[in-house]
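Please brief me on this protein chain.

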Amino acid sequence: MASASSRETVTPRRSKGWFSTHVVLVVVGGAVMIVGSFLNWAGPVRGTHTYIRALWDPEFTTGEVVRSVGFVMIFLGGFAILGAVLQAGWVSWLAGILGVALVILFVVEVLRGSGGWGDLHAGVWLSLAGAVLAILGGFSRTNTLGNGP
């Protein structure tokens, strides 16, 4: 018979599994950033066909995919997802911040040029939403769904 003093207390540990708030937010955010880059950004032009020069020149043209704004957004979305895989919140956070900066630069140049708010299409807004989710996921790296407050 064991005495009361010899009993060990078992405390539940928080699991650090793949289904955490960080991973869900970042993977969804990164995927939305990637999908948004394939949609129309300004007028009928997709993000993957908008030349990178559009971030600093209001008179931008279309270009090849590798030198496009969409390609940069695809890279940042993948970088955010890599941060989730590595469980490194700062990587996802950095990718999200850079994604927001990219969208802001693009919107400023469209508004600076002859375009208005109506010229901005779903791709820009989806990419922005994905970047914000990546930022939130980077901040919530330690929270795990289903394990209390």
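The briefing below starts with the basis of the model and then goes topic by topic.

This is a predicted model, in which local features need pLDDT of at least 70, side-chain atom pairs count only at pLDDT 80 or more, and totals for chains, interfaces and linings use all residues. Residues are numbered from 1 along each chain as its sequence is written, and side-chain values use heavy atoms, with hydrogens and water left out.

**Fold and overall numbers**

- The protein chain has four helices and two strands. Helices (H or I, at least four residues) and strands (E, at least two) are DSSP runs, numbered from the N terminus.
- Along the sequence, the order is α-β-β-α-α-α.
- The protein chain has 149 residues, and 37% of them count as buried. Buried means under 20% relative accessible area, exposed means over 50%, and partly exposed lies in between (1.4 Å probe, protein chains only).
- Among contacts with a separation of 6 or more, 68% join residues 24 or more positions apart. A contact means heavy atoms within 4.5 Å.
- Accessible areas come from the Shrake-Rupley method with a 1.4 Å probe; for residues, only the protein chains shown count as cover.

**Ser37**

- Ser37 lies in helix α1, which covers residues 21-37.
- Its relative accessible area is 0%, so Ser37 is buried.
- Leaving out residues up to four places away in sequence, Ser37 touches Arg46, Gly47, Thr48, Gly70, Met73, Ile74 and Ser127.
- Ser37 and Gly70 are 33 residues apart in sequence, yet their C-alpha atoms are 4.4 Å apart in space.

**Gln87**

- Gln87 sits in the loop between α2 (69-85) and α3 (89-112).
- Gln87 has a positive phi of about 55°, although it is not a glycine. Most residues other than glycine have a negative phi.
- With a relative accessible area of 24%, Gln87 is partly exposed.

**Aromatic pairs**

- Rings of Phe, Tyr and Trp (its six-membered ring) pair if their centres lie within 6.5 Å; planes under 30 degrees apart count as stacked, over 60 as edge-to-face and the rest as tilted.
- The count by this rule is four aromatic pairs.
- Trp41 and Phe106 form an edge-to-face pair, because their ring centres are 5.1 Å apart and their planes are at 80°.
- This pair links distant parts of the chain: Trp41 is in strand β1 (residues 40-42), Phe106 is in helix α3, and they are 65 residues apart.
- Trp41 is buried at 0% relative accessible area. Phe106 also counts as buried, at 0%.
- Trp117 and Trp125 form a stacked pair, with 6.3 Å centre to centre and 20° between the planes.
- Trp117 is exposed at 56% relative accessible area, whereas Trp125 is partly exposed at 36%.

**Nonpolar surface patch**

- Trp90, Trp93, Leu94, Ile97, Leu98 and Phe139 form a nonpolar patch on the surface, and together they have about 610 Å² of accessible area.
- Patches are made of residues with over 30% relative accessible area and no salt bridge; like charges are joined within 9 Å, and nonpolar side chains (Val, Leu, Ile, Met, Phe, Trp, Tyr) within 5 Å. A salt bridge is a side-chain nitrogen of Lys or Arg within 4 Å of a carboxyl oxygen of Asp or Glu.
- Helix α3 gives the largest share of the nonpolar patch, five residues.
- Leu94 is in helix α3. With a relative accessible area of 31%, Leu94 is partly exposed.
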